[in-house]
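Trainee: I am new to this structure and would like to learn how to read some of its features. Could we take them one at a time?

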Amino acid sequence: MPSLRHIGPNWYACVMGTAIVASAGAGLPVDAPGPRAAFVLVWALSAVLLLAVLAARAGHWLHHRDQARAHLLDPAVAPFYGCLSMALTAVGGATLTVGADVVGARAALAADVVLYVAGTLVGLVAAVAVPYLMVVRHRPAPGTASPVWLLPLVAPMVSATQGALLVPHLAPGQGREALLLACYAMFGLSLLATLVMLPLVFARLVHHGPLPLALTPTLFLVLGPLGQSTTAVNQLADVAPGAVGDPYAAAFGAFAVLYGVPVMGFALLWLALAIAMVVRAARNGMGFAMTWWAFTFPVGTCVTGAAGLARHTGLSALTWLSVALYVFLVVAWAAAGAHTVRGVVSGALTAAPVPPRPATARTT
C-alpha cells in the first residue's frame with residue numbers, strides 16, 4: 001500500500017484541530033444555542049477522522065515498518081508521536097461535552113474514559129521516550145531546535161485539562177482527589193518541560209533566523225502549552241471544590257486567575273509574533289503544507305483558556321477575546337481542511353515529501 005508509506009504521526013494534527021473546534025465552540029462563555037448542531041457535526045467528523053488516521057497509521061506500521069522506524073529516529077518526525085495522545089484525549093473530551101447529545105451521557109462517558117486512559121498513557125510514554133531518543137539517537141545539530149519539539153511535552157498538559165472533565169464522575173473520596181492531583185502533576189510536568197525547551201526554540205530563531213517557509217506555521221505550536229495550561233488551571237479549579245477541601249479548593253481558584261492572566265498575555269504576544277512571521281513567509285512564497293494544522297489546535301487552547309478566565313473573572317473583554325480567537329480558529333480550520341482534502345484527493349499529500357524551501361533573503 002504505497003499511499004500509506006508517507007502517512008506519518010503528524011496526520012493526527014488534523015484530528016486534534018477538528019476536535020477542538022467542537023469543544024472550544026461549545027465552551028464559549030456566550031449564550032448562543034444555535035451553533036450546537038454544528039458543534040455536534042464537527043465532533044462527529046473528528047471521531048471519523050480519528051478512526052481513519054488510526055487505521056492508516058496501523059497500515060503504515062504493518063506494511064512500511066522500515067519507514068515507521070525511520071520516523072522514530074528522525075528528530076523532525078518523532079515529536080509528532082505526541083499528537084497521537086492529544087488526538088485521543090481531545091476526541092474523548094469532545095465526546096463527553098458535545099457527543100453526548102448524540103450517543104447519550106453514559107456512552108459518551110465510557111468512550112471518554114477509554115480514550116483518556118489510552119491517550120494519557122501514550123502521552124506520558126512519549127514525554128519520556130522522545131526526549132530520550134533525542135539525547136541518545138537523534139543528536140540534533142546546534143541551532144536546529146524547532147517548535148515541533150514541544151509536541152510530546154504538551155501532551156500531558158492536554159491530559160491534565162481533559163482529566164478535569166472526569167473528576168466529577170468519580171465518587172467523592174480518595175479516587176476523585178487522586179485524579180485531581182494527578183492532573184496538577186501532569187500540568188507541572190508539562191509546564192516545567194516547556195520552560196526548558198522554549199528558550200532553545202527562541203534562541204534558534206534569534207541566532208539562525210526565520211524557520212524554512214513550510215515550517216513557519218509551527219511557530220503557532222508554542223501557543224499550545226500556553227493556552228492549554230491556562231485552560232487546565234481554570235477547568236481544574238472548577239472541579240476542585242468537590243475533590244479537596246479548603247483552603248486548597250479556594251487556592252486553586254485563585255491560582256487559576258493569578259497564573260492564567262499573565263500566561264494569556266504572553267500567549268497574545270507570541271501570537272502576534274507568529275502572525276508576523278507567517279505573513280512574512282507568505283510574502284516570500286509559503287504554500288500549503290500539513291504544518292498549517294498548527295494554526296488550529298494551539299489557537300483552540302487559547303480560546304478555551306480565555307473562556308475559562310472569562311468565567312472566573314466575569315470580564316467581558318475576556319469573553320470577546322475568546323470569541324475573536326474562535327473566529328480565527330474556525331477560519332484556520334476551514335483553510336487547512338480544504339487544502340488537506342484537495343491534497344488527499346490529488347495524491348500530493350500521500351506522495352514522498354518535498355524538502356522545504358529555504359527562506360529568501362527578503363527581510364521586509
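Mentor: Let us begin with exposure: a residue counts as buried under 20% relative accessible area, exposed over 50% and partly exposed in between, using a 1.4 Å probe and protein chains only. Here Arg 139 is exposed, with a relative accessible area of 61%, and Arg 139 has a positive phi of about 50° although it is not a glycine.

Trainee: Where is Arg 139 found?

Mentor: Helices are DSSP runs of H or I with at least four residues, numbered from the N terminus, and Arg 139 lies in the loop between helix H5 (105–138) and helix H6 (151–166). This is a predicted model, in which local features need pLDDT of at least 70, side-chain atom pairs count only at pLDDT 80 or more, and totals for chains, interfaces and linings use all residues. Residues are numbered from 1 along each chain as its sequence is written, and side-chain values use heavy atoms, with hydrogens and water left out.

Trainee: At roughly what angle do the axes of H1 and H4 cross?

Mentor: Axes are lines fitted to C-alpha atoms, for helices over the stretch in contact, and angles run from 0 to 180 degrees between N-to-C directions. The axes of H1 (residues 12–26) and H4 (residues 81–103) cross at roughly 30° and come within 8 Å. Angles under 35 degrees count as roughly parallel, over 145 as roughly antiparallel, 65 to 115 as roughly perpendicular and the rest as oblique, and H1 and H4 are therefore roughly parallel to each other.

Trainee: Which peptide bond is cis?

Mentor: The bond from Asp 246 to Pro 247 is cis, with omega near 5°, and Pro 247 sits in the loop between helix H8 (223–239) and helix H9 (248–283).

Notes: Helices (H or I, at least four residues) and strands (E, at least two) are DSSP runs, numbered from the N terminus.
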